[in-house]
Amino acid sequence: MRLLSKILRVGLATEPLAPGGDDVLRLLHEVDARARQLFGRALAIREVDAGSCNGCELEISGLMGPVYDSERFGVYFVASPRHADLLLVTGPVTRNMAVPLVKTYEATPAPKLVVAVGDCARTCGVFKGSYAVAGSVDQIIPVDAFVDGCPPEPTAILRGILAVIGRRR
Amino acid sequence: MLGGYGVGAVGALLMPGGRAGRGIAAFGMVWGGAAGLALSLQVLLGGAAFTLEVPTLLSIADGLAFRLDALGAFFLGLVGLLAIPCGVYGFEYVGAYEGRYSLRLLGAMLNMFLLTMSLVPCADNVLTFLLMWEGMSLTSYFLVLTEADEPDTIAAAGWYLAMTHVGLALALAGFLILAANATTTAFGDLRTAAASLTPAMRNTVFLLALAGFGSKAGIVPLHVWLPRAHPAAPSHVSALMSGVMIKLGVYGLLRIGLDLLGGGPAWWGALLIGLGALSAVVGVLYALMENDLKRLLAYSSVENIGLVFIGLGAGFLFLGLDATAAALVAFAAALYHALNHAAFKSLLFLGAGSVLHATRTRDMNRLGGLIRGLPWTAAFFLVGALAIAGLPPLNGFVSEWLLFQSLLPGIESRAPMVAPLMTLAVSVLALTAGLAAAGFVKAFGITFLAIPRSPAAECAHEAPVSMRVGMGILAVACAVFGLAAVVVMPALAAALAGSARLPVPVPGFGSGVSLSMPSGFARMSPTLVALGLILITGAAWLVVRLFASRWPVRVSATWGCGRVVQTPRMEYTSTAFAEPLRRVFAELYRPTQDLSIDFHPESRYFVQSIEYRSEIVPWFERYLYAPLVTRVRRWSIWVRALQSGSAHAYLTYLVIALLGLLTLLIVRPG
Amino acid sequence: MGYVLEVAQAALALALAPGLAGLIRWLKARLQNRRGAPVWQPYWELAKLFQKEVVVSSNASWLFRAAPFIVFASTTAVTFLVPILAVPLPFDGLGDLLVVVYLLLLSTFFLSLGGLDPGSPFGGMGASREMTVAALAEPTVALAIFALALAAGSTNLGQIVARTMADPGAFLSPGHLLAFGALFIVTLAETGRLPIDNPATHLELTMIHEAMVLEYSGRYLALIEWAAAVKLFIFFALLGNLFIPWGVSVVLTPTTVAVAVASLLVKLVVLAAVVAVLETRIAKLRLFRVPELLSVSFVLALLAVTSSFLLK
């Protein structure tokens, strides 16, 4: 019962998504209208860790929690890329993760989008030039948007995802 | 009918082998089967019995007498029905034995087997019955022994021979007690004489019949020959043995218990239900753990015979309680399940034979992906698997529904211990249905789906036409028996009516497409359910075609979390599939595990090989039969002392025996 | 007229089922102090899935592509047999409670085969676990059916509902309540809800239902998800209408049908709330503890039969 009374006491913890902060978002190209129309209300995301330090993962995990609550926008996470519409890729792509990343991309049914999260995903960050790194995400699979930051805030990531599907809030 | 099988037998013996020899044998089987089926239908639907007497042959024991009444006609029809597809199938199947084993013997024995099996239900006196029964056992022994090169065959045949003769001895004892009071050994006289037997004698006869015929039927604990003999025999022989021969055990029990003795106290039924429930659960649990496809099917036969015995037990129980209408329904439901089991189990065995023919292995852990190489076999096996799992709208579901419904009146009964027994029976029925479904998802899924697990499975090829036709006939039969329940049930009830105190005006079981219980308790329509399913599937497909996207289907690698390659080693195995159930029922299985890992000599981080061995306890073999066999061996060694080889000793035995007989004649003259 | 109602009933079930799943999800979100997706979110998800490409494994056979249709068809067929809005139904003679249970087992059978076909270990694991849970839930279902049938005199669904409506006192009888408890646990097991299976998990080793559908995409996935939602709807409708049948229309007039729809919605919302609170409160059981829970439900069903028998 303590749990239920605590739930009632806390109430709704979701914060409204603050506007602005578009400086960290880089849309590589205008997203296909068809994809925008299809994913406007329901978007399934498969998160792929292509060798990150897990800093971005921690921020992304906040997205599913009560404060940032991506689900209110119809954005939810799925386990299999076959169920996914959008791949959320983090980390400089390490050599071991290059092939799995490509396989994940191939396993995702069309139409699909890719958002690369974090500085490492765009520029390999501090790992640039390392022997273990194969390249940035757009060198391995086609990317639709980058969200800069090390790590970016959950609001930035969420706004990036929403921008890619054409839902600016 | 005689002509058909006779031609087949003699022809097979005389032909030099090759296609013609196989053809003659198969032709004989089909002709004989069709004739038997026609005869049985004539008796079942016509109502008049068919008699034939040959009193001069072997007149010392009242000669041979044949009388085909409705009950026997059902079982004769069963033999004939299965002889046809198995004959057609066998034509190509035994082609693989060319040069390795004697096809003449196989063909001859198979036709004789079918002949004797057909004549068992026709027998009208003790001699005929036992002669035919023994003939059936001997011919099937030789059939099991066909593949004598395989390691387990001889042992399996030995077990089978021993148990079938023990069963024969017990059944013979039962018949002799019955005949003690009667004038002749004709069944008619036995029936009238049985009325004057004391209850203790009747109970003894029933128990002896149960033990004798039960061992042929394969109920626990007399089932141990089944999982050995059925896999060892050629597949169409296994189909016949599992489909028909074990049903003749049911026939024997019904003949003695129901027809000759006319039913008995309610505890007979309770005993049958208990044994049936035990067989059903043991059978399905051991089937789940099997990796050998044919052994899995054999254990599944044990399970289904258990279900038939539950129905029979309910019938005897209701008869003992004078609820004759409910008894009739229960018996009819049991017979219907026996019919359906014959259809789908044979289909499954023929399918397994096709797999064996293509890949030379029965081990499911070496199969897989066969749906591509053997599409027809896969489709037929799927029909069989759906039927045996009791899924609508096929025949297995209809007979399980009928068994459920026949048990229901018992739950309301106020007689002592009936309601708990019925509740037990219902739970066991449901549990085995669920477990059987799980077992056959495993059997079909691991054998036919996914990727081939061995090179043999990779290059498997489809079965030849005759084998496919044989399987096809049975698949159609499965569907027909499910949809035509309204017609089949009254026919079965008619087969039983008149025996014992079962009511002769047979109640209706619904009309048109709807099957209903005579008490009005429940109704359902397998035909309309099937129709509905087809319509909805079609409608769904159409709607999806119209409204879904027009993207073409893209073929890609299986999603494996991005792993680089997929090998067959990464798939689920048959052992793995059954593992959760093995854990759940660990108290019964008492699984032992033995894991040995060979590490690389240089470093423990690298593994060279892993050997994993897991065994479950075969309770009956280890704790019942092994001590029994050891004891019998010891006695035989002790008794062998009598065979000293000395003529003097033998003469002494003769004298003692003569003196004993003379004394006996003096003491009890006449 | 009755046939129109049958079709309307099935259409209602198909239409409301995703909403029911969405309602449970929304309630769980609120209980997690989140705003959550709106109740009609599953409809958008289904619509989107129908427009997506289908990717099929190279190991899969025709069974993989046929299975979603068979699963959907058998679940939809059940909606024609279950008393959702009215009794007696013209299709009552088509199938009773046993037919319903075995049609659902048919859908589980094909879903498991569909999981095994691509040759993925996840699919095999899901199939094996799903068949284990289904097999162990069967005896409970059979006994619960018989407890109800004992009281009603038939396994015919319409008759069971009519009988309970005619005898309001029977609602509180121990047999009834125990059977409800047993069937509730079976509902959680068959529809893949906590504590047996977490519908929202992403960890493959904790999945049962999800693991079998990991390979499906596009319209096949949509059909399977929809069928799962319909299965949930059917179980809730059974729990509501068999045990608390008031509101189900006996005479077909517009007002009674409207009342039937309203009472159905009330029952669904109440059951959804119960399940949502339960899922928030309870943690998932380890797979090998699930048989213990199912045996508890079996004992409840056994007690239900015994008490029905003794109190007759």
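In this predicted model, R554(B) stands opposite V55(C) of strand β1(C). The two strands involved are β6(B) and β1(C), the latter covering residues 55–57 of chain C. They pair in the parallel sense, over three bridges.

Within chain A, strand β4 spans residues 86–90. Five of its five residues are buried, so β4(A) is largely enclosed by the rest of the structure. L86(A), L88(A) and T90(A) point one way from the strand. L87(A) and V89(A) point the other way, and these residues too are buried. Strand β4(A) has β2(A) (residues 43–49) as a parallel partner, joined by five bridges. V89(A) of β4(A) is the bridge partner of V48(A). Another five bridges join β4(A) to β6(A) (residues 113–117), again in parallel. In that pairing, T90(A) has V117(A) of β6(A) as its bridge partner.

Strand β7(B), residues 592–599, is hardly covered. The count of buried residues among its eight residues is zero. Eight bridges join β7(B) to β8(B) (residues 607–615), and the two strands run antiparallel. D598(B) has S609(B) of β8(B) as its bridge partner.

The helices of chain B include an antiparallel pair. The axes of α5(B) (residues 126–144) and α6(B) (residues 153–180) come within 9 Å and cross at roughly 175 degrees. An angle over 145 degrees counts as roughly antiparallel, so α5(B) is roughly antiparallel to α6(B). From α5(B), the contact is made by V126(B), L130(B), W133(B), E134(B), S137(B), Y141(B) and V144(B). From α6(B), the residues in contact include A156(B), Y160(B), L161(B), L168(B), L172(B) and F175(B). The residues of this contact divide into 13 nonpolar, three polar and one charged.

Two further helices of chain B were examined for length and burial. Helix α11(B), residues 266–289, has 24 residues. From its first C-alpha to its last it reaches 35 Å, close to the 34 Å expected at 1.5 Å a residue. Of its 24 residues, 19 are buried, so α11(B) is largely enclosed by the rest of the structure. Helix α25(B), residues 647–667, has 21 residues. Its end C-alpha atoms are 30 Å apart, which agrees with the 30 Å that the helix should span at 1.5 Å a residue. The number of buried residues in α25(B) is zero, so this helix lies largely in the open.

Note on methods: Residues numbered from 1 in each chain as written. Chains lettered and ligands numbered in written order. Predicted model: local features only at pLDDT ≥ 70, side-chain atom pairs only at ≥ 80, totals over all residues. Axes fitted to C-alpha atoms, helices over the stretch in contact; angles between N-to-C directions. Helix = DSSP H or I, 4+ residues; strand = E, 2+ residues; numbered from the N terminus. Parallel < 35°, antiparallel > 145°, perpendicular 65-115°, else oblique. Contact = placed C-beta atoms within 7 Å. Nonpolar A, V, L, I, M, F, W, Y, C, P; charged D, E, K, R; others polar. Expected span 1.5 Å × (residues − 1). Buried ≥ 20, exposed ≤ 12 C-beta atoms within 10 Å, placed from the backbone. Pairing = 2+ DSSP bridges.
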